[in-house]
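Q: Hi! Could you walk me through this structure when you have a minute?
A: Happy to, let's bring it up first.

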Amino acid sequence: MVTALTSTLLPHRAWGWIAFFGYAAAAVAAFLMRRLLLAWLAWVAVALLPLVVEAVQRAGGRTDRAQEEVLVVERMGERLLHDGTPYLGRDAIAALPVDDRLMGYSPYQPGMAIFGLPRAVFGDFWWTDARVWFAVVTAAALVLAVRLLGSSPAIVRAVQAATVFPICALTLATGGDDIPVMALCLLALALVAADRYGWAGVAVGAAAACKLFAFPIVAVLIVLAIANRRWRALLPGAVGLPVLVLIPPFLVDADAFVENVLRFPLGHGVVTSPAQSPLPGYLIAQNLPAGRIIAAVLLAAVAVLIGLYLLRRPPRTAAAAALISGWGLLAAILLMPTTRFGYLLYPVAFLVWAPALTFPAAVHTQQAHSRTPPGR
């Protein structure tokens, strides 16, 4: 209700009015239903229903029913379809009208363009909204993860953290690009818990093919796979997929990829990134002499410390990998010079999922698969 009444973003207000009744109904139903089923139904009420309502209204002509990242992803799909690359080069962005230059940037990996292809191919319908396809991938990944891990109070809390937790529900309904990336990483961790390293590599590789935020998870899972002598199974998907999606944009215009995915997020684009939530890294960069350098040094120091920790005490379980990923991403998000509060959904999800990854069903599955040859 607070979001519905006070948010300055109209898509957030629309979500707030619908989600308020969904959360209220879930609170009442908590006394009557199984908790896992309730979590899924609450997700429908507070995330999927508002998403569909906003997508239908947007298809009907409302221009205030989607955040900018939805439009960016859909334009990536159009460019990929017509130009072979989802990115505009620096000169092309600079040639745009001043007010359009920010929307000319696509600060995602090439794989994110796939979510924009339905609208590029079929036109402006509610079901071609990129958020709908974010939700489809998210639902598939989370359902598969839960099936691998079984049912327990830890699983219920894990599902709640990835679905009905307000940051996640709001993000999926109004913007959504982070949610499938998070869900694919969680699926990868669940697959590792079930000793299915090959498919875990595919899941985390798909996440990294869409957004750079998944690369720390790739690194942690590679260390885990090496420690458990399963790296041959993990690497093809975990590394191969992100590399594979780079081939078309690099063949067309490699510098456009660098401009969009590296220079712009680091503050060296034609315009400045709007990701400016007042977290410590941003405050340091804005308010101290040479603040951006100080924030970058602190961020690099944290990365070195985590790297040394991984070398000295490599994780050997999915739960340990989730904890390292969660705390590491939390530190990175707090220290990044350009960041958003919404990115906190990643560390929250990983930290809450860690206990679920040690659930006996997962341990039993891992033991059952441990008798297979290491390379499989």
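A: We can go through a few of its parts in turn, keeping in mind that this is a predicted model.

Q: Great. Which residues of the largest nonpolar core touch the most other members?
A: Those are Met 112, Met 182, Leu 186, Leu 221 and Leu 357, out of 103 residues in that core.

Q: And which helix gives the most to this core?
A: Helix α11, residues 178-193, which contributes 14 residues.

Q: What is Leu 221 in contact with, leaving aside neighbours within four places in sequence?
A: Its contacts are Ala 188, Leu 189, Val 192, Val 204, Leu 234 and Ala 321.

Q: Switching topic: is Arg 119 buried or exposed?
A: Buried, because its relative accessible area is 9%, and buried means under 20%. Arg 119 sits in helix α7, residues 117-122.

Q: What does its side chain make a polar contact with?
A: With the side chain of Asp 124, at 3.2 Å. Beyond four places in sequence, Arg 119 touches residues including Arg 58, Glu 74 and Asp 129.

Q: Now helix α2. How many residues does it have, and where does it bend?
A: Helix α2 has 20 residues, 10-29, and bends by about 30° at Ile 18. From first C-alpha to last it reaches 29 Å, close to the 28 Å expected.

Q: Which of its residues are buried, and what covers them?
A: Among the buried ones are Pro 11, His 12, Trp 15 and Gly 16. The cover for the buried residues of α2 includes α1, α3 and α10.

How values were computed
Residues are numbered from 1 along each chain as its sequence is written. This is a predicted model: local features need pLDDT of at least 70, side-chain atom pairs count only at pLDDT 80 or more; totals for chains, interfaces and linings use all residues. Side-chain values use heavy atoms; hydrogens and water are left out. Helices (H or I, at least four residues) and strands (E, at least two) are DSSP runs, numbered from the N terminus. Buried means under 20% relative accessible area, exposed over 50%, partly exposed in between (1.4 Å probe, protein chains only). A polar contact is a pair of N or O atoms within 3.5 Å; within protein, one must be able to donate a hydrogen and the other to accept it, and residues adjacent in sequence count only if both atoms are side-chain atoms. Contact means heavy atoms within 4.5 Å. A nonpolar core is a set of buried Ala, Val, Leu, Ile, Met, Phe, Trp, Tyr and Cys residues joined through side-chain atoms within 4.5 Å. The expected span of a helix is 1.5 Å times one less than its number of residues. The bend at a residue is the angle between axes fitted to the seven residues ending there and the seven starting there.
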